Amino acid sequence: MGPIPCEVMMPGGIVGADVAWVLVASALVMLMVPGLALFYGGMVQGKNVLSTLMHSFGALAVVTVVWALWGYSLAFGESHGGLIGGTTHLFMRGVGQEAKGTLPHVLFFLFQGTFAAITPALISGAYAERLKFSAFLLFTVLWATFVYAPVAHWVWAPDGWLLKLGALDFAGGAVVHLTSGVSALVVALVVGRRRGARQPPHNLTFTLLGAGLLWFGWFGFNAGSALAANELAAVAAANTHLAAAGGAVAWGLVDLLRLKKVTALGAASGLVAGLVGITPAAGFVSPMGALAIGLLAGGACYGGVLLKEHLRYDDALDVVGVHGVGGALGALLTGVFATVAVNPAGADGVIAGGNWALLGKQALSILAVAAFSALLTFILLKVVQAVVGLRVDAEAEYEGLDPHVHGERAYHTGISLGGHGMTPREASAPKARESEKAPLGADPVMEG
């Protein structure tokens with residue numbers, strides 16, 4: 001039943017098959033982080049691609065250290081009122097080769113740590129192309145500590161208040177996607193809009209490759225959350241695949257209705273929407289329920305992405321529309337499609353058992369997690385703003401974060417960034433002759 005401590009479901013000694021599967025699943029979830037980096041990196045301007053990639057790789061490194069020192073203990077240490085863990089496992093104390101259910105404790109720690117690392121990386125899509133790297137680092141450490149760890153405790157720790165309430169979250173619909181999606185909305189509002197006109201994605205090949213890696217890694221994310229090599233893992237894997245396909249199909253159909261064509265970016269976004277939607281339900285619903293969730297998530301997240309144009313917030317890479325909307329919808333639909341025929345440790349939902357109470361518990365969990373994430377994120381952003389500031393200056397934003405923040409460029413030849421790669425002084429200078437403006441070999445299609 002999700003990444004809940006193993007003893008909740010499977011007491012006993014270490015089982016080799018379970019160890020092998022969760023080792024693989026941990027590696028698959030870790031692979032999702034560079035997959036996310038490519039997914040996001042392809043959608044920004046060429047002058048900001050390294051900065052965007054560094055948000056994902058930086059989160060993987062920094063949050064892993066936080067997780068080892070205190071994050072895991074706050075999430076899975078002894079409970080304080082079902083709200084937060086204690087100091088039991090600070091600095092990985094008591095986290096070794098001893099059995100935790102059918103796994104070595106250190107493997108459970110590792111698997112959970114990959115979830116902790118990717119979650120703040122998801123938020124980075126909201127502030128891409130304008131946040132200071134120092135602000136990113138400080139915010140990521142604070143957010144993993146004060147938002148992710150408590151919510152993980154609520155939902156997955158044995159004494160967490162939402163788990164005791166009976167809310168279901170198999171692999172992180174609330175813990176990962178709802179927290180990141182709601183926090184992304186707050187970040188977008190506080191940090192503000194990007195300067196200048198919006199530009200098209202600079203490399204959709206990256207984005208499609210990243211989406212493929214996410215689809216692949218998500219088998220570890222969801223099926224690994226069974227914490228065992230068993231029938232539940234098999235169902236979760238099948239549900240994951242079906243929902244991803246359903247999300248891509250639904251998004252493509254809406255594309256056809258609106259644009260009269262199916263876009264590559266739409267296909268990538270749709271499959272991720274389906275994956276987000278099925279995450280809380282993967283180990284609680286039937287394959288047909290999973291397909292329905294994927295289809296519904298694809299359509300709903302499409303609408304969520306369109307919403308930002310009406311509300312005028314600059315969620316650069318659609319974290320709110322995909323992860324916020326998809327996470328909330330998936331959690332709610334878990335209460336509709338859940339069935340004990342798939343997982344006796346779960347509950348029958350509205351369809352299988354007429355259990356409207358489960359739907360109410362799911363709704364309460366959404367409201368609680370969303371409100372907590374929004375409030376804490378706002379406070380943390382104000383702290384970061386006071387300590388290091390949030391945004392790069394105008395010069396850096398026009399020049400690009402890659403050269404200004406990291407002293408590097410992703411592309412040195414072959415792609416001209418045009419005026420969008422210039423400083424304000426250069427952009428305002430008289431136009432150079434065409435032969436001087438574009439480097440030899442530049443593709444005029446890529447100008448600007």
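**A helix pair and a pocket**

The crossing of α4 and α13 is right-handed, meaning that the near helix is turned clockwise from the far one by less than a right angle. The model is predicted, so local features need pLDDT of at least 70 and side-chain atom pairs pLDDT 80 or more, while totals for chains, interfaces and linings use all residues. Residues are numbered from 1 along each chain as its sequence is written, and side-chain values use heavy atoms, without hydrogens and water.

**Helix α4 with helix α13**
- The axes of α4 (residues 133–156) and α13 (residues 356–387) come within 10 Å and cross at roughly 155°; axes are lines fitted to C-alpha atoms over the stretch in contact, with angles from 0 to 180 degrees between N-to-C directions.
- That angle makes α4 roughly antiparallel to α13 (over 145 degrees).
- Among the α4 residues that meet α13 are F139, W143 and W154, and the α13 side includes F372, L376 and V387 (contact means heavy atoms within 4.5 Å).
- By class, this contact has 19 nonpolar, 2 polar and no charged residues (Ala, Val, Leu, Ile, Met, Phe, Trp, Tyr, Cys and Pro are nonpolar, Asp, Glu, Lys and Arg charged, the others, Gly among them, polar).

**The largest pocket**
- About 710 Å³ of space lies in the largest pocket (an open set of points on a 1 Å grid where a 1.4 Å probe fits, with protein on both sides within 12 Å along at least five of seven lines; the volume is the space filled by probe spheres set on the points).
- Of its 29 lining residues, L265, V305, K308, E309 and D318 are the closest to the centre (lining means an atom within 4 Å of a point).
- α10 gives the most to this lining, with 5 residues (helices are DSSP runs of H or I, at least four residues).
- The lining divides into 14 nonpolar, 5 polar and 10 charged residues.

Terms used
Helix = DSSP H or I, 4+ residues; strand = E, 2+ residues; numbered from the N terminus. Parallel < 35°, antiparallel > 145°, perpendicular 65-115°, else oblique.
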